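Hello,

Here is the structure I promised.

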Amino acid sequence: MASNQYDYDLLIIGAGPGGYVAAIRAAQLGLKTACAESRETLGGVCLNVGCIPSKALLHGSELFEEANNGTLAKFGVKTGNVEIDVATMQAEKAKVVSELTGGIAFLFKKNKVDWLKGFATFRDAHTVEVAGTAHTARNIVIATGSSVTPLPGVEVDNEKGVIVDSTGALSLPAVPKTMVVIGGGVIGLELGSVWRRLGAKVTVVEFLDQLLPGMDGDVRKEAAKIFAKQGLELKLSTKVTGASVKGKKATLALEPAAGGAAETLTADCVLVSIGRRPNTEGLGLDKIGLELNARGQIETDHSFRTKVDGVWAVGDVIPGPMLAHKAEDEGIAVAENIAGQIGIVNHAVIPSVVYTWPEIAGVGLTEEAAREKGEIKIGKFPMLANSRAKTNREPDGFVKVIADAATDRVLGVWAIASVAGTMIAQAAQAMEFGATSEDIAYTCHAHPTHSEAIKEAAMAVRGKPIHM
Ligand code: FAD
Ligand code: NAD
């Protein structure tokens, strides 16, 4: 239904989870829609070099570790000599990436979304140039995502494969003997776990005194214990001040974060994973008078409108956690707003999951943040006491439910458990419906499931759990 004045009702820049989802929803709502993408395939970081390939390697390396460390043998599954064929694992990863990115191309065709191939630049607030051609649209959504934050003095060269970023670490052709991960956040722990399971000796260098900034304090402490037990060497409160590469080895200069005696660390592979930054370079934002905030992000209102009329933004390029599901929900909401409906994202209830073994997940406030806001009550339940986790021999972790002391409303739920990522969906839904801990405690949970630990932790908020 594009008016004659413009080529499109909506043009989206970037086909990651924010952009491609916005495009499909807009088309479903009857808008004539185009999506510009500079990558060869659709799906953005998430499908090409993020969520999906990392999960393929996490899954493959988990299978290897289960066969190798005696977990299978414990249940009588005899595997004999277990070997890892990295090329086959990488090929399987490439196959699923191709299937899923191809799936988005199919959905674009099915929904009649035009894929404009190339890098998009604004000419004005209603005109974007892609590969030398100008396209006009009544509305434009910026969904350009993010890229790796560089670390001065530590130059990434994914081709060489000695100092790599997440994209390089997802494509190593062989298991390095030694690996140093700079940054004990989500990427460092997920990809560090992959290569540790496959045989690398992995050291994680983290600037702060704990891993996983932003997560609940108890979770951060317990996670560090579990990772250390698994064989990750953790160097907390330590900063990297420089790196040099000689042949196939890198030498890093390290210092205590607070200053002090320097040391060096040599490794076959170094992964730089100290965060990501929004992609705005080369977009021509100056042409439309759109300024960035101090963190280089595009600010929007709750409808995802920027300060420039007709220009909207979603995903990693705007403030908030850099997560695929957050970008997707914003993509749906922005399309609905542009189509004249009311699209809302509840940013207080965005779950986050670290796909290590066990998984680490949370939604809502941490205990520390909740305490700052007022009186709270806490219920905790160990996975060791959950019958399914015990049966499966997955003893590590716990669930913690944080509730308002006066109203009992659930403010946050945190979990370390083999399937915490799946379990947390229940907590997110309960919080979305404004549940109290009593609501969760009196909801019937199937037995035996890991999710019963959420019910027991909720019971622990106001009384006592049964199995502890
Ligand atoms: P992106 O996915 O970054 O997509 C933006 C797209 O825009 C890109 O394809 C880019 O090529 C294109 N683009 C940029 N500028 C232009 C331009 N000017 N013209 C045309 N095209 C342009 N999140 C999770 O929730 N779960 C996970 O398990 C998870 N795992 C991850 C693992 C790794 C290794 C990494 C790096 C990230 C992971 N993330 C995960 C984060 C997730 O990938 C991002 O939050 C998500 O992809 C953001 O979506 P987006 O649409 O905002 O941007
Ligand atoms: P991150 O912000 O999760 O972690 C970066 C870590 O590096 C932090 O702990 C920080 O303190 C540390 N750090 C920063 N500078 C340092 C330095 N100079 N020396 C040592 N440590 C330093 O960032 P990431 O792991 O790079 O991930 C980037 C983004 O991608 C995250 O925002 C995350 O949300 C997203 N992601 C999500 C998933 C998931 O949902 N499972 C997986 C991967 C990535």
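This is a predicted model: local features need pLDDT of at least 70, side-chain atom pairs count only at pLDDT 80 or more; totals for chains, interfaces and linings use all residues.

How far does a backbone N or O atom of Cys46 lie from an oxygen atom of ligand 1, and what is that distance? It is 3.4 Å. That is a polar contact, meaning a pair of N or O atoms within 3.5 Å. Residues are numbered from 1 along each chain as written, chains are lettered from A and ligands numbered from 1 in written order, and side-chain values use heavy atoms, without hydrogens or water.

**Ligand 1**

A polar side-chain atom of Glu37 lies 2.6 Å from a ligand oxygen. A polar backbone atom of Cys51 is 3.5 Å from a ligand nitrogen. The protein covers 94% of the 990 Å² of accessible area that ligand 1 has on its own (Shrake-Rupley method, 1.4 Å probe). There are 38 residues around the ligand (a heavy atom within 4 Å). Gly18, Glu37, Lys55, Ala120 and Ala324 come nearest. The shell divides into 18 nonpolar, 15 polar and five charged residues (Asp, Glu, Lys and Arg count as charged; Ala, Val, Leu, Ile, Met, Phe, Trp, Tyr, Cys and Pro as nonpolar; the others, Gly among them, as polar).

**Second largest pocket**

Its lining has 20 residues. Asn69, Thr71, Trp357, Arg393 and Glu394 lie nearest the centre. A pocket here is an open set of 1 Å grid points, over the protein atoms alone, where a 1.4 Å probe fits, with protein on both sides within 12 Å along at least five of seven lines; lining residues have an atom within 4 Å of a point.

Best wishes

Key: A polar contact is a pair of N or O atoms within 3.5 Å; within protein, one must be able to donate a hydrogen and the other to accept it, and residues adjacent in sequence count only if both atoms are side-chain atoms.
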